[in-house]
Amino acid sequence: MSNLALAWEQFRFERKLFWRNPSAAFFNFLLPLLLLILIATAFSTDDDELEVLIPGVAGMGVLATTFTALAFNLTLLRDEGVLKRIRGTPMPAGAYLAGFIGSAALNAFVQVALVVAIGNIAYGVERPQEPLLLVLFTGLGVVCFAALGVAFSHAIPNEDAAPAYTNAVFLPLIFISGVFYSADDLPRALEVIAGALPLKHLIDGLSEAIVGGSADAAGAAAVVGAWALAGVFLAVRFFRWE
Amino acid sequence: MTELAIEVSDLRKSYGSVEAVRGVSFDVRRGEVFGLLGPNGAGKTTTVEILEGYRQRSAGQVWVLGHDPEARRRDQQERVGIVLQSCGFYPRVTVREAVEHFAKAYPRPRDPDETIALVGLEGKADARTKELSGGQRRRLDLALALIGDPELVFLDEPTTGFDPAARRTAWGVVRRLKELRKTVLLTTHYLDEAQALADRVAIVKDGRIVAEGPPDQLGPGSSRYRVSYFSNGRRVEHQTDDPTELLHRLTRDALARGERLEALEVTKPTLEEVYLQLTAEADIT
């Protein structure tokens, strides 16, 4: 089988694994959507706030389905010896990782599509202003956070520590990056930190694509792209099979 | 095609200042079951993981099926099956799904159902792997190692933690591999396992091979027989290379004295005795 065919087979296998793991399906899909619906319903009849919330939850979805899921799963697979077992077969490393990461990427795209669709259908947010830009930013966010997720798994000592490590990044990051409210309202210090990290810029880019406006899409793409490069470098440089 | 499946000469591996493998040399012929026998921490797993391509050696020469395993050539990995010492698995797939998925990485895989039956898991083919017992999981490890129809199979302590019945089943699989003309490199710390399965055994202690040969001819004292009996309530023991002559002399003298030699026995030292003797000697040096 060619490398591409093997990557496809691994991707299909990962899809099967994903749907058989109820907690993964919950944290990847249901939790972000639940937060969206609860917050939109409870607090927001205001169009301005919805226009912050929809791109924000879309960005959070990308973070959860790629960074968190990959860092967590890779640590588990490494700790349990599954990676070592795969390393002992002729499965090429690239094909395996492409299938594994590809499955997370699909989750991210589905999540963004669901968030945008719910915003449109349930809350009357307009359809994405620039659909191509939305796809591009989602793709860039996937590359960035998938690479950072793989890189971060190298820092997690074992599977028991994985939930703490991933949440220690995920929770503060979503609170300072303007998922639920505009990051512009934050205290200056937090704003500086959020500005240096990629999630706020991904959300800015998604916001530009979904609701349009004044965000600096090129600048946002540059920051996310820089983090993507750093993430790929760290992910490859420190990869461990066992 | 060379007759040797594995050639190892003066293999060394250090972790920092600790030398885990200190100059190991051995050959494994094609179709042979070769056992690396030794206590925990002797360097067996390090040696095998170098042969499998997991680790880089510090010094020495290693050839596996004619290639250096460090190169991690795909066409070589297609010809090798690996059972690691301990290794988890995806809990939510069935045995058949796992075996079918792993088959895809090989150019000429075995039939999945037939491979599942070979390791005795046919009754569990549709069970998820998390429902398997420890012994059944180990058999799945074996099925996954065999699915590519390898020429050479590495088994790193394949029966550790098995109950006696499960061990017998696993031994049957190894014997079946031999019938299929596979080469098997087996590590174990069970003497009876090495004795039952291996054509040749190397005893490893502190990173060195202290003895090597067919299990029934192993060790420096192995050509010697032990003749023992009780005389006047005391145990008498002789060592000899030629028990025929010795027995003749002992029984002739006893008959002349009119004495019965109680509990007269001619024995060869078991592998266990050789093993304990060798590993004890190695402790002193």
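Helices (H or I, at least four residues) and strands (E, at least two) are DSSP runs, numbered from the N terminus. With that noted, I started my entries.

**Ground rules.** I am looking at a predicted model, where local features need pLDDT of at least 70, side-chain atom pairs count only at pLDDT 80 or more, and totals for chains, interfaces and linings use all residues. Residues are numbered from 1 along each chain as its sequence is written, while chains are lettered from A and ligands numbered from 1 in the order in which they are written.

**Chain A.** I looked up the secondary structure of chain A and found 10 helices and 0 strands. Its radius of gyration (over C-alpha atoms) is 18 Å, close to the 18 Å from the globule rule (2.2 Å times the number of residues to the power 0.38) for 242 residues, so chain A is as compact as a globular protein of that length. I read its C-alpha trace as spanning about 55 × 35 × 30 Å along the principal axes. Buried residues (20 or more other C-beta atoms within 10 Å of their own, C-beta atoms being placed from the backbone) make up 46% of the 242.

**Where they meet.** Contact (C-beta atoms, placed from the backbone, within 7 Å) takes 19 residues from chain B and 18 residues from chain A. On chain B's side, helix H2 (74–77) and helix H3 (95–103) each supply at least two residues. For the complex, I noted an ipTM of 0.88 and a pTM of 0.86 from the predictor.

Notes. Two residues are in contact if their C-beta atoms, placed from the backbone, lie within 7 Å. A residue is buried if 20 or more other C-beta atoms lie within 10 Å of its own, exposed if 12 or fewer, and partly exposed in between; C-beta atoms are placed from the backbone.
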